[in-house]
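Subject: Handover of a structure and notes on its contents

Dear colleague,

Please find below the sequence and the structure that I am handing over to you. My notes follow, and I would ask you to read them with the structure open.

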Amino acid sequence: MMHLKKQDGWPQYVVIVGCGRLGSMLAGLLSEAGCSVVVIDINESAFDLLTAEFSGFRIVGDAVEIEILRAAKTDRADCLLATTEEDNVNLMVAQVARKIFNVPKVLARVFDPRREGIYREFDIETVSPTNLMAEAFLASLQNRREGQSCV
Amino acid sequence: MRVIVVGSGKLLYYLTRQFASKGYVISLILADEAEATNLSRRVRALVMHGNGSAPHVLEEAGARRADVVVALTPKDQDNLAVCQIAHKMFRVPRTVALVNDPQNEEVFRELGVSVAFSSTQIIARILEERAGFEDIANLIPLAEGRVTISEVALREDAPGADKNLRDLTLPEGALVGGILRDGNVIVPRGETFLRGGDRLIIISRPDCYDRVLRVLTGGES
């Protein structure tokens, strides 16, 4: 299991949208590192994934509704992480956080690598699991080739 | 005009028929394959099955040459993505989106959608205008609803009828901006006399609106 060090560098107040495997993991880790964390998910049962380290708040609702983001006090957040399984939800929530709530740091998970480019224009950082995984696979293949060439 | 519509159901069907009758060149993108096949037999349009917010699907639908893209799905996030991708990637000059959550009307405009409309808002507005108080017409919210302009009929027996405007204590956040009488428009002053049968143009903050109506017509909204 991964652990984060308590240090000054972590944002104080983080809103996480989506409490799937990624969202719940980030929520636990950041919570443990001393951040105040609010997690939003449309399904209450999703919160079952949260670990014992999580000490923040949970909000049940659709983050595409601005009221839900308001309830999470997104205007005071230092950072918002959009981690749901739906690209369009992540991209919309991220833009609302950036443009309407002026959240300084916003990250969105985007599965479709072809869309990443457009959203860079909107001043939103995206992370593509597809790209990351492709890189990891290729790096591993390359290590293997380099390993063999050493023999 | 070249139009791409993303959506489903009756709204899409009837809209397509109307567009077709005007001679528009139409492409439709539907998420459901069976519905797409079915629709393709009933309308004069290029009907595609796919994800309307996927860039390659929009491109295939002719986004590079489209004049308008309309997004009518039941998910606001998808409608936003369709419009933004059409506009940013394919330079579609005009994008129109249905918003399901009325509060997103404002959000969409802020995020670059040319026209965002909420059927909830439209129906609510129609109800406010017509149902219940036929004496009140054209309630128009301005400045994000911080001011409303409405046209109110003054009946013969209304408390405001046959009075000088100055004798009526209107709340501070409201004024009578015009009087329609016998086809003429009168810009009222303090000494202007109100008559039964006048139609009054009332400019008011929403919180004062009920009080103005009570003073003038005796009614409430």
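Leaving aside its neighbours within four places in sequence, with which residues is B:Arg64 in contact? Please bear in mind, as you look for them, that this is a predicted model. The residues are B:Glu59 and B:Phe90. You will find B:Arg64 in the loop between α3 (55-60) and β4 (68-71) of chain B. It counts as partly exposed, because it has 13 C-beta neighbours inside 10 Å. The C-alpha atoms of B:Arg64 and B:Met89 are 8.7 Å apart, although 25 residues separate the two along the chain.

B:Val3 is buried, because 23 other C-beta atoms lie within 10 Å and a residue needs 20 or more to count as buried. Beyond its neighbours within four places in sequence, B:Val3 is in contact with B:Phe19, B:Tyr24, B:Ile26, B:Ala66, B:Asp67, B:Val68 and B:Val70. Its C-alpha atom is also 8.9 Å from that of B:Gly62, which is 59 residues away along the chain.

Next, the helices of chain B. Helix α1 (residues 9-21) of chain B has 13 residues, so at 1.5 Å a residue it should span 18 Å; its end C-alpha atoms are 19 Å apart, which agrees. Which residues of α1(B) are buried? They are B:Leu12, B:Thr16 and B:Phe19. Because these residues cover an arc of only 65° around the axis, they lie on the same side of α1(B). The cover over them includes β1 (2-6) and β2 (25-30) of chain B. On the face of α1(B) turned away from the buried side are the exposed residues B:Lys10, B:Tyr14, B:Gln18 and B:Ser21. Just after this helix, B:Gly23 has a positive phi of about 85°.

Helix α4(B) has 15 residues, and the distance from its first C-alpha to its last is 20 Å, close to the 21 Å expected at 1.5 Å a residue. Of these 15 residues, 11 are buried, so α4(B) is largely enclosed by the rest of the structure. The buried residues include B:Asp76, B:Asn79, B:Leu80, B:Val82 and B:Ile85. After the helix comes B:Arg91, with a positive phi near 55°.

The two chains also touch one another. How many residues of chain B are in contact with chain A? There are 16, and they meet 17 residues of chain A. On the side of chain B that touches chain A, the elements giving two or more residues are α4 (76-90) and α5 (104-110) of chain B. Of the elements there, α4(B) gives the most, with eight residues. This side of chain B is made up of seven nonpolar, four polar and five charged residues.

In soluble globular proteins, nonpolar side chains tend to be buried together. The largest nonpolar core here has 74 residues, of which A:Leu80, A:Val93 and B:Val69 touch the most other members. Helix α3 (residues 87-100) of chain A supplies the largest share of this core, with seven residues. Apart from this core lies another, of 12 residues, among them B:Val152, B:Ile202, B:Leu213 and B:Leu216. Not counting residues up to four places away in sequence, A:Val93 touches A:Val17, A:Ala63, A:Val64 and A:Ala82.

Finally, here is the overall plan of each chain. Chain A contains five helices and six strands, which run β-α-β-β-α-β-α-β-α-β-α from the N terminus on. The C-alpha atoms of chain A fill a box of roughly 60 × 35 × 30 Å along the principal axes. Chain A has 151 residues, of which 36% count as buried. Of the contacts in chain A with a separation of 6 or more, 51% are between residues 24 or more positions apart. Chain B is divided into domain 1 (2-123) and domain 2 (132-217). The centres of these two domains of chain B, taken over C-alpha atoms, are 41 Å apart.

Yours sincerely,
A colleague

Key: Residues are numbered from 1 along each chain as its sequence is written. Chains are lettered from A and ligands numbered from 1 in the order in which they are written. This is a predicted model: local features need pLDDT of at least 70, side-chain atom pairs count only at pLDDT 80 or more; totals for chains, interfaces and linings use all residues. Domain bounds come from an automatic or database domain assignment. A nonpolar core is a set of buried Ala, Val, Leu, Ile, Met, Phe, Trp, Tyr and Cys residues joined through C-beta atoms within 7 Å. Helices (H or I, at least four residues) and strands (E, at least two) are DSSP runs, numbered from the N terminus. Two residues are in contact if their C-beta atoms, placed from the backbone, lie within 7 Å. The expected span of a helix is 1.5 Å times one less than its number of residues. The arc is that of the directions from the helix axis to the C-beta atoms. Ala, Val, Leu, Ile, Met, Phe, Trp, Tyr, Cys and Pro count as nonpolar, Asp, Glu, Lys and Arg as charged, and the others, Gly among them, as polar.
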